[in-house]
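Let's go through this model together, a few questions at a time. Have the viewer open as you read.

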Amino acid sequence: MATTVLSYCYSPSSSSSSSFPQYTNNCKYESLKFKPSVNSTFLSFSITRKPFVVRSVAAPTDATAGFDEMVSGTQRKYYMLGGKGGVGKTSCAASLAVKFANSGHPTLVVSTDPAHSLSDSFAQDLAGGTLVPVEGPYSPLFALELNPEKAKEEFRSAAQKSGGSGVKDFMDGMGLGVLADQIGELKLGELLDTPPPGLDEAIAISKVIQFLESEEYNMFTRIVFDTAPTGHTLRLLSLPDFLDASIGKILKLRQKITSATSAIKSVFGQEQAPKLDAADKLERLRERMIKVRELFRDTSSTEFVIVTIPTVMAVSESSRLCASLKKEDVPVKRLIVNQVLPPSVSDCKFCAMKRKDQARALDMIQSDPELCSLMLVQAPLVDVEIRGVPALQFLGDIVWK
């Protein structure tokens, strides 16, 4: 079949339900080579204006992510994308954030993974632990890579300052000053030289609290989380419950000790008015954890999107993740199956075997009791890395339909 040369311009704002991205005429600078085929879902073209070139991609005609529902309304919504490591969570999260921004929503995309990939995905330096504007989308899009190393460094320097008083200042700022006081009295301040386990998740939780309370984040109507692999994410989601229960036990224990010591002091006429500052701080921290927990479970404002690939191992882990999310009452209703190979009439032996493996994994999803009820969205395998805003726009228009 002869090659038809077209001069079209990519239009990411198209609302068409077609399987492929739509294009508008009168483009002065893009030349696309397109080989049409009646029996194929391949889209083959080269964009000479950008270094981003896609030569082969497939988009299932019946796949829909229900993006109209996701983009509707001005109430703030949170989308958390997670799954097994290496399945393309960052690309899917970044493309969703770009799609939201191009649909008119001021959007923030946050990486809670200690091994960040957002900078690579956007082809832009987003490091530093601060809000960074992303260049390219129509509406404001900001990215934030949480910086656990920076927080750990602050933790260590605080522990070494002023014989441990720096620890108190640092923890007091986190609402944990009472714990620092008690540790100081026990002369164990040197233990805080080493940051505690779970600090990455604690930093992520503190950011979620800022999203709820700080005016700096009021402008964002969509917040997308690119989460760490499954284990980290489950710890993150369970942390508010753990802290709520732990703080509750500490407050009860403190109340019992206070009552006992007050009774003893009253016998000797030494009763004093109780100091409520420490208990108040713990109670405020507990209230914040309850707010975060409620946010994670709010079906009207939060959704967890599982991302996987069509392999038996990845699907099995996704099933366990889905079961854990349901146990935590976290809303989940979409499953993105990434890197799906396109169908083909003639194929090499390797590709034929790969498709057979993928078909077995897709059948597993349909029969899995945890995953079969989720909205299934198949994302195509392309022959280049999805990197930079133009590439993410392209992926977003295929996946988020």
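Contact here means heavy atoms within 4.5 Å, while helices (H or I, at least four residues) and strands (E, at least two) are DSSP runs numbered from the N terminus. This is a predicted model, in which local features need pLDDT of at least 70, side-chain atom pairs count only at pLDDT 80 or more, and totals for chains, interfaces and linings use all residues. Residues are numbered from 1 along each chain as its sequence is written, and side-chain values use heavy atoms, with hydrogens and water left out.

Q: Which residues of helix 11 does helix 10 meet?
A: Helix 10 contributes Val312, Val315 and Ser316 to this contact. Counting Ala, Val, Leu, Ile, Met, Phe, Trp, Tyr, Cys and Pro as nonpolar, Asp, Glu, Lys and Arg as charged, and the others, Gly among them, as polar, the contact residues divide into 5 nonpolar, 1 polar and 1 charged. On the helix 11 side, the partners are Arg360, Ala361, Met364 and Ile365.

Q: Are helix 10 and helix 11 roughly parallel or roughly antiparallel?
A: Axes are lines fitted to C-alpha atoms, for helices over the stretch in contact, and angles run from 0 to 180 degrees between N-to-C directions. The axes of helix 10 (residues 312-327) and helix 11 (residues 349-367) come within 9 Å and cross at roughly 20 degrees. Angles under 35 degrees count as roughly parallel, over 145 as roughly antiparallel, 65 to 115 as roughly perpendicular and the rest as oblique. The two helices, helix 10 and helix 11, are therefore roughly parallel.

Q: How far apart are the end C-alpha atoms of helix 10?
A: The expected span of a helix is 1.5 Å times one less than its number of residues. Helix 10 has 16 residues, so it should span 22 Å. The model agrees with this, since the end C-alpha atoms of helix 10 are 23 Å apart.

Q: How many of the residues of helix 2 are buried?
A: Buried means under 20% relative accessible area, exposed over 50%, and partly exposed in between (1.4 Å probe, protein chains only). Helix 2 is mostly covered, and its buried residues number 13 of 14.

Q: Why does Val134 count as buried?
A: Val134 sits in the loop between strand 7 (132-133) and strand 8 (141-145). Beyond its neighbours within four places in sequence, Val134 is in contact with residues including Phe122, Leu141 and Val389. Val134 counts as buried because its relative accessibility is 8%.
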